Amino acid sequence: MPAKASARGGKLGGKAKLEGEISKSQSRSTRAGLQFPVSRIHRILRKSNYSKRIGSGAPVYLAAVLEYLSAEILELAGNAARDNKKRRINPRHLQLAIRNDEELSKLLGDVIISEGGVVPYINPALLPAKTKKHSLESQEV
């Protein structure tokens with residue numbers, strides 16, 4: 001079977017198209033298996049003057065990293081919401097999720113979450129001291 005020629009006279013690149021088969025365009029996000037918009041990130045990188053040239057793999061990688069980080073934070077915040085018997089994530093749940101995770105807390109250490117509150121902490125020195133005398137009395141019969 002001879003190679004098909006395109007309208008311009010050259011050979012078709014990639015997979016050979018069969019008669020009647022319509023090629024569907026796929027977004028770069030779909031090709032990469034991501035939910036975050038690769039093309040939008042590429043456009044923002046080009047317009048923001050980080051560099052004169054942006055490679056085609058850079059926005060895919062950046063979109064994957066952003067998607068992973070957001071999924072991680074949302075999973076932990078969802079767990080915090082479930083612990084508080086809530087079905088909706090609010091800023092307090094985001095704050096608890098980030099501050100209770102060591103790596104996220106380090107990454108977002110300087111970030112202030114509005115309406116997030118503080119992580120509950122009581123210094124052990126302020127807690128009432130446990131006496132051994134009380135525990136010994138309960139054991140004696």
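These legends describe close-up views of a predicted model of a protein.

**Figure 1. Overall make-up of the protein.** The predicted model contains 6 helices and 0 strands. Along the sequence, the order of elements reads α-α-α-α-α-α. The protein has 141 residues, and 16% of them count as buried. When contacts between residues at least 6 apart in sequence are taken, 34% join residues at least 24 apart.

Figure 2. Helix α4 covers residues 91-100. Its buried residues are His93, Gln95, Leu96, Ala97 and Ile98.

**Figure 3. The crossing of helices α3 and α4.** Two packed helices are described by the angle between their axes and the distance between the axes. For α3 and α4, the axes come within 8 Å and cross at roughly 115 degrees. Because angles of 65 to 115 degrees count as roughly perpendicular, α3 is roughly perpendicular to α4. The crossing of these helices, α3 and α4, is right-handed. On the α3 side, the contact is made by Ile73, Leu76, Ala77, Ala80 and Ala81. On the α4 side, His93, Leu94, Leu96, Ala97 and Ile98 take part. Sorted by class, the contact of α3 with α4 has 9 nonpolar residues, 1 polar residue and no charged residues.

**Figure 4. Leu45 in helix α2.** Helix α2 spans residues 38-47 and includes Leu45. The relative accessible area of Leu45 is 14%. Buried means under 20%, so Leu45 counts as buried. Leaving aside residues up to four places away in sequence, Leu45 touches Tyr50, Ile54, Pro59 and Leu62. Leu45 is also 13 residues from Ala58 in sequence, and their C-alpha atoms are 9.1 Å apart in space.

**Figure 5. Gly109 in the loop between α5 and α6.** Gly109 is found in the loop between α5 and α6, the latter being residues 132-139. The relative accessibility of Gly109 is 44%. Partly exposed covers values between the limits for buried, under 20%, and exposed, over 50%, so Gly109 counts as partly exposed. Along the chain, Gly109 and Arg99 are 10 residues apart. The C-alpha atoms of Gly109 and Arg99 are separated by 8.3 Å.

Terms used:
Residues numbered from 1 in each chain as written. Predicted model: local features only at pLDDT ≥ 70, side-chain atom pairs only at ≥ 80, totals over all residues. Heavy atoms only, no water. Helix = DSSP H or I, 4+ residues; strand = E, 2+ residues; numbered from the N terminus. Buried < 20%, exposed > 50% of the residue type's maximum accessible area, 1.4 Å probe, protein only. Contact = heavy atoms within 4.5 Å. Axes fitted to C-alpha atoms, helices over the stretch in contact; angles between N-to-C directions. Parallel < 35°, antiparallel > 145°, perpendicular 65-115°, else oblique. Left-handed = near helix turned anticlockwise from the far one by under 90°. Nonpolar A, V, L, I, M, F, W, Y, C, P; charged D, E, K, R; others polar.
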